[in-house]
Amino acid sequence: MFLRLMSISWRSIWRNGRRTVITGLAIGLGLASMLFTDALMQGMGSHMIQVATDSWMGQGQIHRNGFLETKKLELTINAAAGLLEQLAQDTTVAGFTPRIISPASVSSARELKPVTLYGVDLSTDTTVTMLNSALVQGQYFSGDSMEIVLGDELARDLKARMGDIIVITVAQLDGGLASSMYSVSGICRFGTQDLDRYAVFINAGSADALLNLQGRIHEIAVRFHDIETGTDSTGAFQQTYTGGGNRALGWPQLAPQVDSMKGMIKISMAIMAFILFGMVIFGIINSLFMSVYERMFEFAIMKAVGTRPGSVASMVVLEAFWLGVFSTCIGLLMGLATLLITSKTGISFGEIEFSGIVFDRPIYPVISMSSMFVYSLFTIFLTAAAGIFPGIHAARLNPSESMRRSM
Amino acid sequence: MEKSVVEARGVKKTYDDSGVPVHAVRGVDFKLEPGEFTALIGPSGSGKTTLLNILAGLDTPTEGEIRLSGRLISSMSGRELSDFRRDHIGFIFQAYNLFPVLTVEENVEYVMLLQGIPSGERRRRVMEVLEQVGLQDYAERLPLKLSGGQQQRVAVARAMVSRPDLVMADEPTANLDSATSGELLDMMRRLNEETGMTFLFSTHDRIVMERARKIVVLRDGKVSEIREK
């Protein structure tokens, strides 16, 4: 009987083909919009994570306990050599680079600014960061101890140009002040305020000498083969490299604002889905009620010949189900077509800054099979659920009353 | 002694839709014995359709009791009544009222599907009854591809295929020309004689009256006369 009801309901939705197609297009458009928005948000999220991790931070970092909170020069990594060796053997690690980090002030001929000084290990830096490709002027470090790379906003603030002399002043490990002159060899742009306005990069050897660290380092930035490796705060990376006074952190702990953004995106999508599908559901209910009212006599006959109310209700719900399946097919086609095009061309928002991250490149929507599956199931389920109310109405129709009214 | 197929005692029906009571049926006592071929006649507004609906359990009387095949239908729950109609009553309506999305075969098969009869048996009985109404070659057609007379013959087949105790027909010839009406009535009378199934018509069609063996005249919601031929 159920199969026959399925068959009857499928045929019934095509009695008024135009209405079914229009309703299907409305629901399908809603689904396609959700798929596209979700993919765009995923793309934005991926872009944010990429900007946050690939450009400089890395997907994981190791520090001495307390360094991140205080940035104290003396909090260098314990037994750094052993850790570097261990990282070199770690199969989950695609690259790693040690760093020196210190508060400093930089001055040009016209300006003086507080910055964070980064000592860059030239042999490993390119395996983790995008400093090389972030250069908008000049070139990457050649090994000359006088070279300095500035963020473009800092260069603008300092009114410094390529080849200009910059003086860095730092507090050394023993408390004394030290200054050194550098020549601007490159100007970079990462798209984040922290790096573009408040950071300078010099050769690690020069930084070591300037700060008198004698080979000690403050940070090891790590890139994994799979970014998920660093996301779990109790994962293998954190377990393995935390200890001996050091602490290993993944990118969600290092950049919680980016992780929060992912959460915010999920909540925004849920709200949007609620509003959009809420609008759609009333459209479906209206359409199904129209269909039920048009067929009052027919439902009356069905009941008269012995169809139980539950079967009448089931038939209306099954019609809604088929409408959902049809609409989902339309929605998937429209959504996939849009996504396939935009995932190749990207969508440019010009240059906007959001949560400290600059979106100056096109955003590429990320097609997620799981999202497509979930939204499709949700659409079918919701459309079928929208049939419950009209279904109950049809089931409760009094046969003789309905026949009388339909005459 | 065989039980009456229909037994109505003191049946009254009053509608109060617009605040003004309308007495559609004003106390009907009525019996229908097995195998009868009876026409319920009367002018428009005399309460024929209302009485037919009440007798079929599609509507509830304001007063009185109805027994169908010996069972008191006023004591049945909605579900019991639904199952009772499915198993004991066949319906034929004025406007054919076949399910437009189902083929002739599927329309005829529908009630047996509700009864849970196995598909082989269903198919056999459908073909048998379609042959009886002369539509065996139209099994795969949709109702809208048939003439009015053919559609009403499908309705007759649908009403009879589950072998009910009683077939109720509400103005079955109202939408048919007289030649087709005559053919349809002759066919129904033949089936009545062959199967012994009881038929009750509500009508004011002369063709039906001519072929009925018993005529119950309804006037102002009351049985005014019963004529046996």
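The model is predicted: local features need pLDDT of at least 70, side-chain atom pairs count only at pLDDT 80 or more, and totals for chains, interfaces and linings use all residues. Residues are numbered from 1 along each chain as its sequence is written, while chains are lettered from A and ligands numbered from 1 in the order in which they are written. Helices (H or I, at least four residues) and strands (E, at least two) are DSSP runs, numbered from the N terminus.

**Strand β7 of chain B**

- Because 5 of the 5 residues of β7(B) (residues 166-170) are buried, this strand is largely enclosed by the rest of the structure.
- A residue counts as buried if 20 or more other C-beta atoms lie within 10 Å of its own, exposed if 12 or fewer, and partly exposed in between, with C-beta atoms placed from the backbone.
- In a regular strand the side chains alternate between the two faces of the sheet.
- In β7(B), L166(B), M168(B) and D170(B) point one way, and V167(B) and A169(B) point the other way.

**Neighbours of β7(B)**

- Strand β6 of chain B (residues 89-92) pairs with β7(B) in the parallel sense over 4 bridges; two strands pair if DSSP finds at least two bridges between them.
- β7(B) also pairs in the parallel sense with strand β8 of chain B (residues 198-203), over 5 bridges.
- A169(B) is the bridge partner of I92(B), and A169(B) also has F201(B) in β8(B) as a bridge partner.
- Together, β7(B), helix α6 of chain B (residues 178-195) and β8(B) make a right-handed β-α-β unit; right-handed means that, with the strands pointing away from the viewer, the path from the first strand over the helix to the second runs clockwise.

**Contact between chains A and B**

- The contact takes 17 residues from chain A and 19 residues from chain B, where two residues are in contact if their C-beta atoms, placed from the backbone, lie within 7 Å.
- On the side of chain A that touches chain B, the largest share, 5 residues, comes from α12(A).

**Domains of chain A**

- Chain A is divided into domain 1 (2-52 + 258-406) and domain 2 (66-244), with bounds from an automatic or database domain assignment.
- The C-alpha centres of these two domains lie 50 Å apart.

**Nonpolar cores**

- A nonpolar core is a set of buried Ala, Val, Leu, Ile, Met, Phe, Trp, Tyr and Cys residues joined through C-beta atoms within 7 Å.
- The largest has 106 residues, and those touching the most other members include V167(B) and M168(B).
- Helix α13 of chain A (residues 309-345) gives the most to this core, with 12 residues.
- A second, separate core has 68 residues, including I100(A) and Y364(A).
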